[in-house]
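Look over the sequence and the model below before reading the notes. The briefing begins with some terms and then takes the topics in turn.

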Amino acid sequence: MTATSTDEGSARGVVTGAPVHSAQHVVTPTARRALRRALFWIVLAALLVAFAAVYGLTSRSTAEADRFAADEAAPAGSRALIEVLRDSGVDVVTVDTLGAALAAVDDPAATTLVAADPRAVLSAEQWGDLDGAAPSLVLVEPPALAVGTLAPAVGPGIPSLGGVRDEPGCSLPAAQRAGSITTDGVVLDATGAASTGADVEVCFPGGEGEGGAALVSLDQPAGGALHLIGAGGVVQNGLIGREGNAALALGLVGEHPRLVWYVASTADIVDGATELSELYPGWVNPIAWLALTVGLAAAVWRGRRLGPVVIENLPVVVRTTETMEGRARLYAREGSRLRALDALRVGTLRRLAEGLALGSAAGLDNIITAVAGITGRDRAGLRALLVDREPQDDGELIALSDELLELERLVQRRVALSDDRPEPTTR
Amino acid sequence: MAVTGWFVALVALGAVPVVLLANGWAYVGWVGLCLVLMAVDAALAASPRATSLARSGPDRVRLTEQAEVTLLVTNGSRRRLRGVIRDAWEPSAGATPRRQRIDVPAGERRAVRSVLRPWRRGERRAAMVTIRAIGPMRLAGRQASIRVPGGIRVLPEFSARRHLPSRLARLRELDGRTSLMVRGQGTEFDSLREYVRGDDVRSIDWRATARRAGGPGPAGSPAPTLMVRTWRPERDRHVVVIVDSGRTAAARIADETRIDTAFESTLLLSALADRAGDRVDVAVFDRRVRGRVQGARGADLLAKLVDTMAPIDPELLETDWTAVPSLVRSMTSQRALVVIATPLDSPGSTRGLLAMLPQLTHKHLVLVAAVTDPALLSAAADRSDRASVYRAAAAERAMLDAQRVAAAVKRLGADVVTAAPLDLPPAVADRYLAYKAAGRL
């Protein structure tokens, strides 16, 4: 009995003798060793997770900025305006629900209420609640519902093309002071409202094809001034420093000693329906988690291999016909019909010579004569088939090759018939 | 660590408490319970590391035959070892079954048997043994792979040995044991024996007959016993076989590499020549001698040959033919039959062989045994469409090349045997017998 040494890669010698209780060696690492080996990666992964968490908490700039939010320092926020107003003694209250906004207007005579709804969460009814809430109501980039409720004569806002407008075009003091503004945001088509003859100020109207005005000032249905700032960029950190944006914003918003800055949030959503989670039984979520856990366990169950894969060096597989196939494709691609046919003819001639026992030294004429003699076909035709004809296309080549094969078979049959020698082999 | 299907089922069973309690805590609690049970079960399983393993079994097996190997598993832990064991052999060793259940009480030993049906020649190794011990609750287990050296040498099949009896019979016919043999070239005097009816009268040795009869006897004494001479082929000739293991031998014809065909031919020829009383030396060569058997006779010869050939695979190297004459010189100093088993494909790939041949042929009788590809013949006969006509042309061309090479080899004074893989070994043996009969050895 024998055991062979199994040093990988090296030549393997055969050791004969009694069954060998050789030193066995456990390949699988122990749990402790596996843990130690993986320690670096575990630590690295933990560090990465910690870093990501810290980074995500500290820098919110990567997240979507809250537009018009009073404490948002990103370009889309409005913190700059709020801070300036606070510094100049305006009592600023920032709220994010409709109820709080209405409650914050404690002095209805000297309060400016700024309302923005960047996520379009407020309903027409809620916009209606704002009507008359403050003597000066400023809507920043008002959604269609807001315009429709509070200023039905004005068309809904459409996205602005941007750019700078330097024609106030109205008598509003703030607009006059600003002189020129950027118009990023929406523009409002107020031509209908202006034609009704009501007290409507259409500021920064824009030219033909520009869609409408950047600022429309009119009366609230319930009394009080209503400013619709279509160009929301005017109050945002990113653009407030440009042109006369700051003058316009401060002029409109800082009119009264108290300012209520209201940005609608998801808390304003009227939940007529119950919570989604109340629609299904309480065990659905845990069951989903359980299903996930079962899947995970099944993956571990099926995925754990019974030992590593055994590798084996297999010899290369070389096919002998590769050169033949390659040459055939070359013939076919180049259309070497004559060359191909000549190869076939040489093979046929060789087999004919063997079949007729002419010997390998037999000349072409001898073979043709012998074939003519045994088959009775005329020599000229045989010569044309075996030597002279040149195929003009592939069809002719195939026909000639078939003729050659037929001739071989015919000669073979005649030879077998004409004498009682065993049929010649081609070997 | 490993978990079983029962563990997965146990986790899935958690659906009952989760639905009944309709609470996220039921889920957390159940999963926690499962994890605890799993850990306990794994801890209670016997340690696979504590087993000691030993292999036993044959160290050689002929290709296409099967061998049973035994793995003795001794449970060295104090717990019962229950689980699955896998004796991981190389895939081409053809070990079945791949995995088996084992149940070894503490401190006891069990045998795990598996059957090898190798499908490739050479040295087949057992890489390792993997044991997965399952805990008493059958939820989880511990697993370890243990390297236990082991291997088996898969010898060439020698399927050509079925041709041996008929060739041996032909040899006996040559051998003077039957009276067909007459005096001729390549025979040597064997013995004198009494004439029996049917013997060729030309072989009567009158001088021996007279000597046997002694002096003139008395009249009326019975006729003197006639003596005949018997002849037998020359013995103690030398046969040297050189098997080419270079890159061209790696080519696969009809599901057999050329080197395997060469080995089959070598084995048949060696068995025959050994019985005929000739000495056989074999070398496998590409750029260095990969294997060599010299001076072995009788049953020892075949055993040594298959053992030498078993691990040899073709190298992807060009064979160094210039070194072959000196190799032959080192193996024999007298005139010998040198059989070279190498493909004769194209003039390009056989240039080295052709350049070397005259050095051998001027002293030895050289026979080149080459495998032809039956696929070429069938490709040359198929003319069904455009592509196959071009293939037939290329096949004719390849056959023409092979013939040119064979003719060149013959012009250099060597002999050529070409045949399809299965026909080559008997063809070589027949050629040897023909030499023997003609006294050309």
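Two strands pair if DSSP finds at least two bridges between them. Helices (H or I, at least four residues) and strands (E, at least two) are DSSP runs, numbered from the N terminus. This is a predicted model, in which local features need pLDDT of at least 70 and side-chain atom pairs count only at pLDDT 80 or more, while totals for chains, interfaces and linings use all residues. Residues are numbered from 1 along each chain as its sequence is written, and chains are lettered from A and ligands numbered from 1 in the order in which they are written.

**Chain B as a whole**

- Chain B has 12 helices and 21 strands.
- Of its 441 residues, 44% count as buried; a residue is buried if 20 or more other C-beta atoms lie within 10 Å of its own, exposed if 12 or fewer, and partly exposed in between, with C-beta atoms placed from the backbone.
- Two residues are in contact if their C-beta atoms, placed from the backbone, lie within 7 Å.
- Among contacts in chain B between residues at least 6 apart in sequence, 75% join residues at least 24 apart.
- Gly5(B) is located in helix H1 (residues 5-13) of chain B.
- Gly5(B) is partly exposed, with 13 other C-beta atoms within 10 Å.
- Between Gly5(B) and Arg138(B) there are 133 residues of sequence separation, but their C-alpha atoms are 8.9 Å apart in space.

**Strand S17 and its sheet in chain B**

- Why is strand S17 (residues 279-285) of chain B described as largely enclosed by the rest of the structure? The reason is that 7 of its 7 residues are buried.
- In a regular strand the side chains alternate between the two faces of the sheet.
- In S17(B), Arg279(B), Asp281(B), Ala283(B) and Phe285(B) point one way, while Val280(B), Val282(B) and Val284(B) point the other way.
- Strand S14 (residues 238-244) of chain B pairs with S17(B) in the parallel sense over 7 bridges.
- Across this pair, Val243(B) stands opposite Val284(B), and Ile242(B) has Ala283(B) as its bridge partner.
- Strand S18 (residues 289-293) of chain B runs antiparallel to S17(B), and 4 bridges join the two.
- Ala283(B) stands opposite Arg292(B) in S18(B).
- S17(B) and S18(B) form a hairpin, with 3 residues between them.

**Helices in chain B**

- Two packed helices are described by the angle between their axes and the distance between the axes.
- For helix H6 (residues 258-275) and helix H12 (residues 424-438) of chain B, the axes come within 8 Å and cross at roughly 35°.
- Residues of H6(B) that meet H12(B) include Leu268(B), Leu269(B) and Leu272(B), and the residues they meet in H12(B) include Val428(B) and Tyr432(B).

**Where chain A touches chain B**

- The contact takes 61 residues from chain A and 75 residues from chain B.
- Among the elements of chain A that each supply at least two residues to this side are strand S3 (25-26), helix H9 (284-303) and helix H14 (394-418).
- H9(A) gives the most to the side of chain A that touches chain B, with 11 residues.
- S3(A) and strand S10 (residues 140-147) of chain B run antiparallel and are joined by 2 bridges.
- Val26(A) has Ile146(B) in S10(B) as its bridge partner.

**A recorded span in chain A**

- An unreviewed UniProt entry lists residues 38-57 of chain A as "transmembrane region"; UniProt positions are given in the numbering used here, feature names are shortened, and annotations may be inferred rather than shown by experiment.
- In the model, residues 38-57 of chain A are 100% helix and 0% strand, and the end C-alpha atoms lie 29 Å apart.

Methods
Axes fitted to C-alpha atoms, helices over the stretch in contact; angles between N-to-C directions.
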